[in-house]
Amino acid sequence: NQEELNNVILRKRKLAYGVHDVWIKNDLIGRQAKPGQFVIVRISEKGERIPLTIAESNGEAFRIVVKAVGKSTYELCSLNEGDILYDVVGPLGKPSEIKYHGNVLIIGGGVGIAAILPIAKALKSAGNNITVIIGARTIQDLILRDEFTFADKLLPTTDDGSFGYKGNVIDAMKIELEKENYNVIWSIGPAIMMKLSSEIATKYNIPIWVSLNSIMIDGTGMCGGCRTVIKTDNSEKIQYVCVDGPEFDGRYVDWDSFIKRLNQYKEQEKLALERYLK
Ligand code: FES
């Protein structure tokens, strides 16, 4: 029956080394998901909760792009079409601020490219003039590069110069900001990339939305696992990425404490992965 079909993997495709594009059947999430929102997936009853940004939705299913980096994401990437996830919670988090802003610069790094896809599409539909910078190490890692044809300007970058501009998205961002005036920026990718792009946005005095990929457990604001410090001019407050975010103005994120918290479990995660791969 329909109920049983929920959370079944409908389609799985390899995008790059260790990176998979997965469509999961789920009527509720498929209908309700808005750009910027995420899901929390569990593979088994005792499994870790994996937060993943929704890359697309179509009324009955949603799409995620997963990179195998730890035990849980490896397990998720090893599932096949027809397999059923233990549970999926979502859509979670506040949607992106989709409205007319004017000139919008949208930056995606690594698997962050999948996260910016629905945001870029929605911003384009809202009448914005959008410039998209996507970057990865090599052409093989530059995922979804054919899916941004709707952008007014697309600037691909690779570290080794195998495709597009030779350099990283930060280099390309600097060049672009010298050329053009932007009203708002979105930047999604590794924490260090979001930190650096936020520093540049601060210099130019442009609001910048980043999507924080924090540690998450319940995703409902109860456990405190995702707490993050947001510093505005005269205040410092704790925000929960799962309910107050995941998007924040990167100019106000306390990046050092965020990155420190993110790395806190790195050692345990490494051990778990080594045990899993043995
Ligand atoms: Fe528990 Fe956000 S994940 S409070």
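Below, two colleagues talk through the predicted model shown above.

Colleague: Glad to join you; what should I know about numbering and pLDDT first?
Modeller: Residues are numbered from 1 along each chain as its sequence is written. The model is predicted, so local features need pLDDT of at least 70 and side-chain atom pairs count only at pLDDT 80 or more, while totals for chains, interfaces and linings use all residues.

Colleague: Thanks! How many helices and strands does the protein have?
Modeller: Helices (H or I, at least four residues) and strands (E, at least two) are DSSP runs, numbered from the N terminus. Counted that way, the protein has nine helices and 16 strands.

Colleague: What is the radius of gyration of the protein?
Modeller: The C-alpha trace spans about 55 × 40 × 35 Å along its principal axes. The radius of gyration is taken over C-alpha atoms, and the globule rule is 2.2 Å times the number of residues to the power 0.38. For 278 residues a compact globule would come near 19 Å, which agrees with the protein's value of 18 Å.

Colleague: What percentage of the residues count as buried?
Modeller: A residue is buried if 20 or more other C-beta atoms lie within 10 Å of its own, exposed if 12 or fewer, and partly exposed in between, with C-beta atoms placed from the backbone. Of the 278 residues, the share that counts as buried is 42%.

Colleague: How far apart do the C-alpha centres of domain 1 and domain 2 lie?
Modeller: The domain bounds come from an automatic or database domain assignment, which gives domain 1 (2–92) and domain 2 (103–263). Across the boundary, 18 residues of domain 1 are in contact with 17 residues of domain 2, contact meaning C-beta atoms, placed from the backbone, within 7 Å. On the domain 1 side, β1, β3 (38–42), β4 (50–53), β6 (61–67) and β7 (87–92) each supply at least two of the touching residues. The two C-alpha centres lie 22 Å apart.

Colleague: Which strands stand at the edges of the open sheet of four strands?
Modeller: Two strands pair if DSSP finds at least two bridges between them. The sheet has the order β1-β2-β6-β5, with antiparallel pairing; β1 and β2 (residues 19–25), for example, share six bridges. One side of each edge strand is left without a neighbour in the sheet, because each has a single partner strand, and these strands are β1 (9–16) and β5 (56–57).

Colleague: Why is strand β9 largely enclosed by the rest of the structure, and how many of its residues are buried?
Modeller: β9 (residues 129–136) pairs in the parallel sense with β8 (residues 103–109) over seven bridges, and with β10 (residues 153–158) over six bridges, also parallel. V132 stands opposite L154 in β10, and I106 stands opposite V132 in β9. β9 is largely enclosed because, of its eight residues, the number buried is seven.

Colleague: What is the handedness of the crossover from β8 to β9?
Modeller: V104 stands opposite I130 in β9. The chain crosses from β8 through helix α4 (residues 112–125) to β9. A crossover is right-handed if, with the strands pointing away from the viewer, the path from the first strand over the helix to the second runs clockwise. This β-α-β crossover is right-handed.

Colleague: In β12, which residue is the bridge partner of L105?
Modeller: β8 is mostly covered, with six of its seven residues buried. β8 and β12 (184–188) pair in the parallel sense over five bridges. In β12, the partner of L105 is I185.

Colleague: Last one: how far does helix α6 reach from its first C-alpha to its last?
Modeller: Buried residues of α6 (residues 191–204) include M193, M194 and L196, and what covers the buried residues includes β8, α5 (169–179), β12 and β13 (208–211). The expected span of a helix is 1.5 Å times one less than its number of residues. α6 has 14 residues, and close to the expected 20 Å, its reach is 20 Å.

Terms used
Contact = placed C-beta atoms within 7 Å.
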